[in-house]
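My notes follow, entry by entry.

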Amino acid sequence: MNNIKQTFSIKDLENLCGVKAHTIRIWEKRYNLLSPDRTQTNIRTYNLKSLQKLLNVTYLVNSGYKISRISKLDEQEINEYVRSIVSDNSTKNQAINSFKIAMLNYDLELFLGTYEQLEQRRNFRQIFIDIFIPLLKEIGLLWQTDTISPAHEHFVTNLIKQKLLLNIEKLQYATPTKKEKAFILFLPENEIHELGLLYINYEILLHGYKAIYLGPSIPLDSLPNMLAFHENTVFVSYFTIKPEKDNISRYVEDFNKIICEERVSEFWMLGKQIMHVSHSSAPNHRYFESISSLITEL
C-alpha cells in the first residue's frame with residue numbers, strides 16, 4: 001500500500017530541509033515557528049503541514065530572508081513569498097527545494113512553474129543534469145529512509161519522465177547525422193526503473209545517432225532480431241534492481257550466447273547492479289560508472 005506518510009521526526013525534517021535539528025529547536029523556541037506534537041515519551045513529532053512550512057521557510061532563508069522576518073508572516077504570506085521568488089532565483093538548490101515542496105504537496109502548478117522558470121535560463125540537458133539528477137538521488141535516499149512515501153516519489157518522477165519524453169520526441173524528428181552505428185536501449189526482465197535509460201536515449205539522439213528504445217522488462221531472446229536494424233549495433237541497458245547480484249554475471253554471459261551467436265555486438269551497461277558483475281574480458285562488454293562517463297563515449 002502506498003500510504004501517504006503524515007508524521008515526521010525531527011531527523012526526517014533535518015534530512016528533507018537541510019536544517020540541523022538544533023536549529024529547528026531554536027526556531028521553535030525563539031520564534032514559535034513550529035508546534036510539534038509530543039509522544040508519551042516526550043519525543044517531538046511533526047505533521048505534513050509543519051514539514052511543508054519548514055521547507056518554505058528554508059527556501060526563504062536560503063534566498064536571503066532573515067528568520068526573524070519570516071517568523072512574523074502567516075503561512076499564506078510565506079507561500080506567496082516562495083512563489084514570487086521562484087521566478088527571480090532559480091538556482092540549483094532553490095529549484096531542488098521547490099521541486100521537493102511540489103512533491104510533498106502534490107503541487108503540479110508549483111512543479112510546472114519552477115520548470116518553466118528554469119527553462120528561461122537553461123536548456124533541457126542542463127536542467128536534467130544539474131537539477132533532476134541531484135533531486136532524484138536525494139529522493140531515492142529519502143524513500144530508502146522512509147522519510148517520504150512511494151506516492152511522493154512516483155508523483156515527481158512521473159512528472160520528470162513527462163518532460164524527458166517531450167524532449168526526446170523533439171529530437172526524434174531530426175535525421176541522424178552519425179550513421180556508423182545505432183543503439184538499442186532496453187531494460188532486463190522485471191526492471192522498471194527507466195528514467196536513467198530514457199535520459200541516455202535523449203543523449204544518443206542529441207549526439208546524432210540512430211536509436212531504438214525498447215523500454216522495460218525485455219527478454220533477451222527477443223533481441224536477436226534487432227541485429228537487422230543496423231550492421232553495427234550497440235545494446236545499452238541500465239541495471240538498477242534487476243538482475244539480482246547473484247544472477248547478473250550469468251545474465252551478461254547469456255547476452256553473448258543469445259545475441260552474439262551470429263554477429264558480435266557491443267553491450268554497454270551501467271547502474272548500481274554492475275558492481276556485482278564479474279567483469280569479463282569480453283571485448284564487446286563496456287561498463288560505465290555513471291551516465292556522464294557513458295556520454296563521453298558518444
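Before anything else, I noted the cut-offs for cover: buried means under 20% relative accessible area, exposed means over 50%, and partly exposed is what falls in between. I also reminded myself that this is a predicted model.

**Entry: Glu138 and Lys100.** I looked up Glu138 with those cut-offs in hand, and at a relative accessible area of 24% Glu138 is partly exposed. Its salt-bridge partner is Lys100, with the closest N and O atoms 2.7 Å apart. Glu138 sits in helix α8 (residues 124–144) and Lys100 in helix α6 (residues 92–105), so this pair ties together parts that are 38 residues apart in sequence. Is Lys100 buried or exposed? Lys100 is buried, because its relative accessible area is 5%.

**Entry: Arg44 and Glu28.** Next I checked Arg44, which forms a salt bridge with Glu28, the closest N and O atoms being 2.9 Å apart. Arg44 belongs to strand β3 (residues 44–47) and Glu28 to helix α2, so the pair ties together parts 16 residues apart in sequence. Glu28 has a relative accessible area of 8%, so I put it down as buried.

**Entry: Arg122 and Asp130.** I found a salt bridge here too, with the closest N and O atoms 3.1 Å apart. Arg122 comes out partly exposed at 22%, and Asp130 is partly exposed at 29%.

**Entry: charge tally.** How many salt bridges does the count come to? I got nine salt bridges. The protein chain carries 34 positive and 34 negative side chains, and the centres of the two sets lie 8 Å apart. I also noted a negative surface patch formed by Asp74, Glu75, Glu77 and Glu80. Asp74 is in the loop between α4 (67–70) and α5 (75–86), and at 42% relative accessibility it counts as partly exposed.

**Entry: Ile24.** Leaving aside neighbours within four places in sequence, I found Ile24 in contact with residues including Ile10, Leu13, Val19 and Tyr46.

**Entry: whole chain.** I finished with the overall numbers. The protein chain has 12 helices and eight strands, and of its 298 residues 49% count as buried. The C-alpha atoms fill a box of roughly 75 × 45 × 30 Å along the principal axes. I wrote down an accessible surface of about 15500 Å², with 48% of that belonging to carbon and sulfur atoms.

Terms used:
Residues are numbered from 1 along each chain as its sequence is written. This is a predicted model: local features need pLDDT of at least 70, side-chain atom pairs count only at pLDDT 80 or more; totals for chains, interfaces and linings use all residues. Side-chain values use heavy atoms; hydrogens and water are left out. Patches are made of residues with over 30% relative accessible area and no salt bridge: like charges are joined within 9 Å, nonpolar side chains (Val, Leu, Ile, Met, Phe, Trp, Tyr) within 5 Å. Accessible areas come from the Shrake-Rupley method with a 1.4 Å probe; for residues, only the protein chains shown count as cover. A salt bridge is a side-chain nitrogen of Lys or Arg within 4 Å of a carboxyl oxygen of Asp or Glu. Lys and Arg count as positive and Asp and Glu as negative; His and the chain ends are not counted. The place of a charge is taken as NZ of Lys, CZ of Arg, CG of Asp or CD of Glu. Helices (H or I, at least four residues) and strands (E, at least two) are DSSP runs, numbered from the N terminus. Buried means under 20% relative accessible area, exposed over 50%, partly exposed in between (1.4 Å probe, protein chains only). Contact means heavy atoms within 4.5 Å.
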